[in-house]
Amino acid sequence: MLSRRLLLGGLAVALAAPALAQERPRLTEADYARAESFLGSATRDLVVGGEVSPTWQDEHRFTYPSETAEGETFRLVDLENGTNQVAFDHAAMARALAAAMGEEVEPDALPFSSAWLTDEGIGVDVRDAHWLCELEAETCSPAGERRQPDPRAEFMRRFSRTEAFSPDGTKAAFIRDWNLWVREVETGEETQLTTDGEVDNGYATDNAGWRKSARPVVKWSPDSRRIATQQQDEREVGRMYLVETTVGTPVLQDWSYPLPGDSAVAMLRRVIIDVEEQTVTPLDLPLEYHRATLGDDLSMDDIQWSPDASELVIASTPRDHKSATLRLVDAETGAVRDLFTESEETHFESVTGWRVLWDTREIIWNSQRTDWSNLYLYDLDTGALKNAITTGEGPVTRIVRIDEEAREIWYEAMGREAGQDPYFRHLYRASLDGGPEVSVTPDDGDHSVEISENGRYVIDTYSHAAMPPKVVVRDRDGGLVMELEEADISALVAHGWVPPMRVQMTGPDGETQLHGLLFRPTDFDPEASYPIVNQAYPGPQSGSIGRRSFRSSWGDRQSLAELGFVVVSIDGMGTPGRSKSFHDAYYGAMGRDNTLPSQVAGMQDLARQFPWIDIDRAGIWGHSGGGFIAAGALFRYPDFFKVGVAQSGNHDQRNYEDDWGERYQGLLQFNEDGTDTYAAEANQEVAANLKGKLLLAHGMLDDNVPPYNTLLVVQALIEANKDFDLLLFPEARHGYGEHNAYMTRRRWDYFVQHLLGAEPPREYELGASR
């Protein structure tokens, strides 16, 4: 601790003297162990409770398991009477289940998560069966199959890596030899549905270049009779190659991976397959691009079936993402009729997705035409706009529930509660026919909700970075009905946890307010001077922080702070969650801007606000897009950023999948001088500007961001005669997997050595038992 205070108080002056320069202070294993103790693996179990998963008994009552430091207790809430009490005798339940199942059952760790209180007894789901328990007699009897699906089995079905299950659960679609097949779940009988699939021109294939799997990309009809899918033609698409490092002959991995500007990219022939008749009906459309209204992969949310499977609506997106066209399809004939098209100067993005109301023949459409994400109602048959459902500033971000009978919609939005963090999520309710909205969760914080089936109650869980979760019940108009739970963080506080600071800064335009989180050492000394490290992610599809709800650990931000730094994350201009213009701030300038002006302006503003920040010792690190910005920071702001760690960066969008760059940078075009419109954004083009210390890292089997992105920067640095450091993981993909702990330690070491001016403990091993 003494050595760290010396570091923070006078290291910059001390190192100026040659006599002392050789006596660099050293951090100890104890320092690193303390930093490690603030990782999520050490803190997540120190937060107890603060969650409610209700099992509704009727319109006004529900049970839920309440977690405390002593164990779990099931409680019964009666909202009409305003009571919250223990639901049953847990010791008696444990004895009854133990006798029936022939195994030990602990009363504070009962083997179920839901309980139904009935006149016949208490019903519970245990493993694959439903049990009915009579606690006075302390007996439990089997009562058939589970009342609720097994969540583990449902997860495995939903996220199967090889199959897509039908809504009724009787069939599973899968790919074999580039064709689509279906399997009867009960009998295992297999049926081939298509026959003309061939290599790189297969049905339902899941390959976006940056991600791929054996799972079929299909949309089953609600009645499980039909499948909407596509034949994806990648026969002329360029290949990506990775080589496995082995003893003996290396193993080559290769697959189709389209790049921006390629003349051949993945193209789709959309089809409808009748599973019973085994017929394939192509849609009356030209080939379409592998695109979606949100993100950079196909989305089956852009296909919506009618309940009787006679029609479907699809959204089509062109290669440049500048528009979206909604189309009505006759499932019997494949005939297609365009309904409407919406266009943007930059790129069209459906933030919430869209919905079809088949009973009333209407469409709920999401648009940012007013610079804010809002919802609009269209006529399904004519494609005409009927009315705006929501209006105003603050983006609508998610459709939570639609009540067609009551003609109202519940939705999540941000930035609509005055005086609160604009990234906090809140629940609202409005009429489908327009009019004022109702704020249902007004309290200060980030909210997640569950609405009762009858729409009368909302279970609202809210928190923020400095406030642990609280759970309350509200009525449909936002009125408080009952307080339920609050997370217990006493063990976390005793562990030494302190909340991050929620900070606000002025952006590079001198007006726009930026928001972020700042982490200080738990032994923070306001009289000391701390180097600052920015952990950044530039987007454009997400920001540096993500959701603002409470966490016991924010990655390794607090851990790095414990080593003697101030650590900050800033959501810069060009990231989502605000207005369309905010999100588009660096459209077409993915490298030249990349939120770097926001990061620099924000850090400079923080240094003005807090004199204990030493802005002359600024570092930055990030992974993936964060690796892109971290290297770019040292190349484009070489006098500001002194140290950077760039992990798995997509340093040149010409070497990353086409869908990403062509959405956020635009189509690759050539200038009169022969250069292209992507060159100025590439990090290797400005690598010669490096002045500080830079550590580049990449996994050599990274099939998301291929390692050649980093190797291009390496080559440029060598050609510019620049010193730098390089760490390659021969067996790692994009996230490093089992090598992540090693990367974390090496990153800590790098900042300690080159920004703090100290020596780290040699080869400290994260996760080792001590």
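First, the conventions. This is a predicted model, in which local features need pLDDT of at least 70 and side-chain atom pairs count only at pLDDT 80 or more, while totals for chains, interfaces and linings use all residues. Residues are numbered from 1 along each chain as its sequence is written, and side-chain values use heavy atoms, with hydrogens and water left out.

The sheet is open and antiparallel, with 4 strands in the order 23-24-25-26. Strands here are DSSP runs of E of at least two residues, helices are runs of H or I of at least four, and both are numbered from the N terminus; two strands pair if DSSP finds at least two bridges between them. Strand 23 (303-305) and strand 26 (336-343) are the edges, each with a single partner strand, so one side of each has no neighbour in the sheet. Strand 23 is joined to strand 24 (residues 311-316) by 3 bridges, and Q304 stands opposite V313 in strand 24.

Next, the pockets. A pocket is an open set of points on a 1 Å grid over the protein atoms alone, where a 1.4 Å probe fits, with protein on both sides within 12 Å along at least five of seven lines; lining residues have an atom within 4 Å of a point. A volume is the space filled by probe spheres set on the points, which are joined across faces, edges and corners.

The largest pocket has a volume of about 1300 Å³. Its lining has 46 residues, and L294, S350, V351, T352 and T397 are the closest to its centre. Strand 27 gives the largest share of that lining, 3 residues. The second largest pocket has a volume of about 1000 Å³, and here the largest share, again 3 residues, comes from helix 6.

Finally, what about charge pairs? The structure holds 54 salt bridges, each a side-chain nitrogen of Lys or Arg within 4 Å of a carboxyl oxygen of Asp or Glu. In the pair of D460 and R474, the closest N and O atoms are 2.8 Å apart. D460 lies in strand 36 and R474 in strand 37, so the pair ties together parts 14 residues apart in sequence. Both D460 and R474 are buried, meaning under 20% relative accessible area with a 1.4 Å probe and protein chains only.

Notes. Buried means under 20% relative accessible area, exposed over 50%, partly exposed in between (1.4 Å probe, protein chains only).
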